[in-house]
Amino acid sequence: MPDFSTLGCVAWHMQGEVADHLVEAQKTTAMHPELQATALLTAAAWCREYRNGVLPADLISQARLLSRLLQKDDRGIRDMLVDLADLTQDAGLTKLLDGAKPELARDGRKIWEHYLDLFRAPILNQAPTAPRNMLARGSTLRRAVPRLSRNDPCHCGSGKKYKNCCIEKDQERLKHSSDVAGFTQEEVAAEPEQHLTAKRLGTTAPHQLVRFDPKKIPADLIGPYLHRLILFHLYDRVVEAFEQLGCSEELEETWHHVLFFVTRAGRRDLAERLLKVQTDPVTPERELWPGTRLLLAQDDPIRYLQLLEELALEALQTEDSRDLRGFAIALLDSKLRALGIFVARSMVPILEQKDATDLFEEILKMRDKLKLSPDDPYSDIFDKRFAEDETGDTKDAEALRHAQQLLEAKAHEFRRLKVLLIESQQEIARHEQQRRAPAPAAPVAPPPAPGDEAALRELRRKVEELKTGLNERHRERNQLRRELQQAYADLETLRQQASPATAHEESEANAREEALLLPEEPVGNQPVRLIEFPRDFAGILRRVPPVVARTTLIALGRIASGEAAAFMGSIRLKDCAGVLRRRLGEYRLLYRLHPDRVEVIDLIPRCDLERRIKIFMG
């Protein structure tokens with residue numbers, strides 16, 4: 001299916017369990033996100049028209065999973081999912097999409113209704129009037145016949161001039177030239193393995209891949225070929241290829257990759273077939289991934305429980321972050337998915353930062369599959385886990401610290417709105433309960449006061465505004481998490497590229513600064529304080545980088561609010577009584593805490609800290 005209109009049109013003119021097969025295709029095959037959104041929207045519309053609105057079981061969960069993958073420029077796909085949320089009235093999907101409302105066309109109808117007009121049109125409207133005479137993108141057309149002058153001897157060896165022999169036949173052959181010199185497109189398609197290169201393999205479509213004979217593929221391309229089958233979720237075909245080729249030492253790593261993805265897809269039949277093609281068919285069970293072990297034992301309840309206990313004990317005896325994450329993901333993929341969420345949550349605080357991020361994404365995806373609320377209550381703990389990571393004190397970490405500050409601020413705002421929403425909902429429930437309660441024995445119950453009705457309407461309006469605000473904060477929070485993860489990755493890359501000399505100098509600078517500080521003290525409950533700025537602090541903020549100025553004001557605001565997490569990293573100076581130092585990238589914020597106010601002293605470059613301390617002492 002080359003585009004969304006063709007897919008929708010073809011599907012709409014079919015009969016049978018169309019909606020179920022569309023969702024199954026979206027779930028188990030690799031498609032462009034636009035086609036995935038089209039498949040889901042078409043399935044929902046089909047059910048509305050032909051099944052009284054009864055949706056396939058996995059439609060909503062697949063739509064939620066797809067919505068989490070959207071990028072900022074995926075406007076068309078997002079609009080389709082917004083239409084889908086409107087069509088299905090799913091609150092969770094609406095929340096993930098920032099509560100956006102579907103657009104209206106000029107005639108006042110919703111956009112998805114116009115999609116259906118397109119899909120209901122005759123299928124032949126989607127067919128091109130002539131075949132496209134083009135090769136795969138990036139290919140170069142090569143002549144299928146040699147280049148000869150009309151009066152040259154013919155290449156067939158007849159001794160005749162070319163114009164009197166094969167020129168007419170060659171002219172027709174030239175129309176079918178391919179990207180392989182001397183061969184037509186039909187000849188290349190008949191023996192694709194013979195002409196396969198790494199470049200051609202990288203552009204081969206999935207329906208062409210499944211027709212390849214693995215035994216004819218060049219040895220150096222077998223691994224890439226199998227990995228491309230995995231990329232398109234063609235697990236049945238890749239297992240067939242292993243059964244034909246066997247599992248040699250060169251393919252051992254690829255075999256493990258295939259077994260991992262087959263396990264995550266829940267294909268026990270394929271996992272058992274893969275185990276049979278190993279060179280050493282008696283591989284110890286302990287060497288298999290925990291998810292595979294659980295999958296193979298899922299039909300034996302007693303063995304399944306024993307295996308769960310064994311895997312849990314192994315996890316308790318290791319400190320390897322990847323092994324712990326693997327155990328948690330194995331449970332998330334098992335038939336005990338809800339239990340897997342609880343286990344995975346317990347791993348987040350103790351895993352390495354990248355593993356914790358990956359695992360939390362799996363938790364959110366599993367919540368979508370189980371049709372739970374899109375956001376997990378553990379989000380606050382996860383965001384705090386981000387904020388507490390030690391980022392170092394280099395200039396390269398400045399963007400990372402800024403992203404941490406923004407995420408903390410957004411999480412705080414999200415919690416505040418959530419509390420307000422709960423309080424407003426409780427207030428509405430209290431009012432409605434009073435209205436439903438039987439009145440005391442009296443001839444006639446008095447009508448509700450107009451003021452009470454107006455107050456109730458105002459509360460309901462406030463609840464709707466808070467829900468909209470929560471949806472927006474939820475989307476922004478998820479976006480900030482992704483940006484923070486990217487900042488971590490960028491920082492790690494820069495650290496790996498840094499020279500040893502630079503790292504040594506950075507370490508010495510950190511050691512000198514630590515010598516100027518007292519040990520960090522535990523932070524108790526803090527009151528709300530006002531901020532007292534020095535006279536020219538606005539000028540100082542103008543002279544520092546904008547990101548430092550913004551981060552400084554965010555940090556001061558949180559410190560003044562009394563938030564305990566805001567005091568992390570604020571340490572007293574040894575030689576200056578009552579002065580605290582807070583790191584802000586390559587700058588240092590100096591301030592004092594008074595019972596009723598935060599006294600801001602200065603914002604200085606890190607290299608000026610010792611000189612500033614001497615001024616304090618002098």
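Colleague: Why does serine 321 count as buried?

Modeller: Buried means under 20% relative accessible area, exposed means over 50%, and partly exposed lies in between (1.4 Å probe, protein chains only). The relative accessibility of serine 321 is 8%, so this residue counts as buried. This is a predicted model, in which local features need pLDDT of at least 70, side-chain atom pairs count only at pLDDT 80 or more, and totals for chains, interfaces and linings use all residues. Residues are numbered from 1 along each chain as its sequence is written, and side-chain values use heavy atoms, with hydrogens and water left out.

Colleague: In which helix is serine 321, and what is this residue in contact with beyond its neighbours within four places in sequence?

Modeller: Serine 321 is placed in helix α18, residues 321-333; helices are DSSP runs of H or I of at least four residues, strands are runs of E of at least two, and both are numbered from the N terminus. Contact means heavy atoms within 4.5 Å, and apart from those neighbours serine 321 is in contact with Leu351, Glu352 and Asp355. Glutamine 353 is 32 residues from serine 321 in sequence, with 9.4 Å between their C-alpha atoms.

Colleague: Against which helices do the buried residues of α19 pack?

Modeller: They pack against α18 and α20 (353-369). Helix α19 covers residues 337-347, and its buried residues are Gly340, Ile341, Val343, Ala344, Arg345 and Met347.

Colleague: What makes lysine 371 partly exposed, and where does it lie?

Modeller: Lysine 371 has 44% relative accessibility and therefore counts as partly exposed. The residue lies in the loop between α20 and α21 (379-388), and its phi is near 60°, a positive value in a residue other than glycine.

Colleague: How do you know whether arginine 64 is buried or exposed?

Modeller: The relative accessible area of arginine 64 is 4%, so the residue is buried. Arginine 64 belongs to helix α4, residues 59-67. Beyond its neighbours within four places in sequence, its contacts include Asp90, Arg367, Asp368 and Lys371.

Colleague: Where does glutamine 89 lie, and why does it count as exposed?

Modeller: Glutamine 89 is in the loop between α5 (75-88) and α6 (91-96). Its relative accessibility is 62%, and it therefore counts as exposed. Glutamine 89 is not a glycine, yet its phi is positive, at about 55°.

Colleague: How would you classify glutamate 427?

Modeller: At a relative accessible area of 25%, glutamate 427 is partly exposed. It lies in helix α22, residues 398-436. Leucine 459 is 32 residues away along the chain, and 7.9 Å separates the two C-alpha atoms.

Colleague: Why are α3 and α7 called roughly perpendicular to each other?

Modeller: Their axes cross at roughly 90° and come within 11 Å. Angles under 35 degrees count as roughly parallel, over 145 as roughly antiparallel, 65 to 115 as roughly perpendicular and the rest as oblique. Helices α3 and α7 are therefore roughly perpendicular to each other. Residues of α3 including Thr38, Leu41 and Arg48 meet residues of α7 including Trp112, Tyr115 and Phe119.

Colleague: How many helices and strands does the protein chain have, and how much of it is buried?

Modeller: The protein chain has 27 helices and five strands. Of its 618 residues, 42% are buried. Of the contacts between residues at least 6 apart in sequence, 63% join residues at least 24 apart.

Conventions: Axes are lines fitted to C-alpha atoms, for helices over the stretch in contact, and angles run from 0 to 180 degrees between N-to-C directions.
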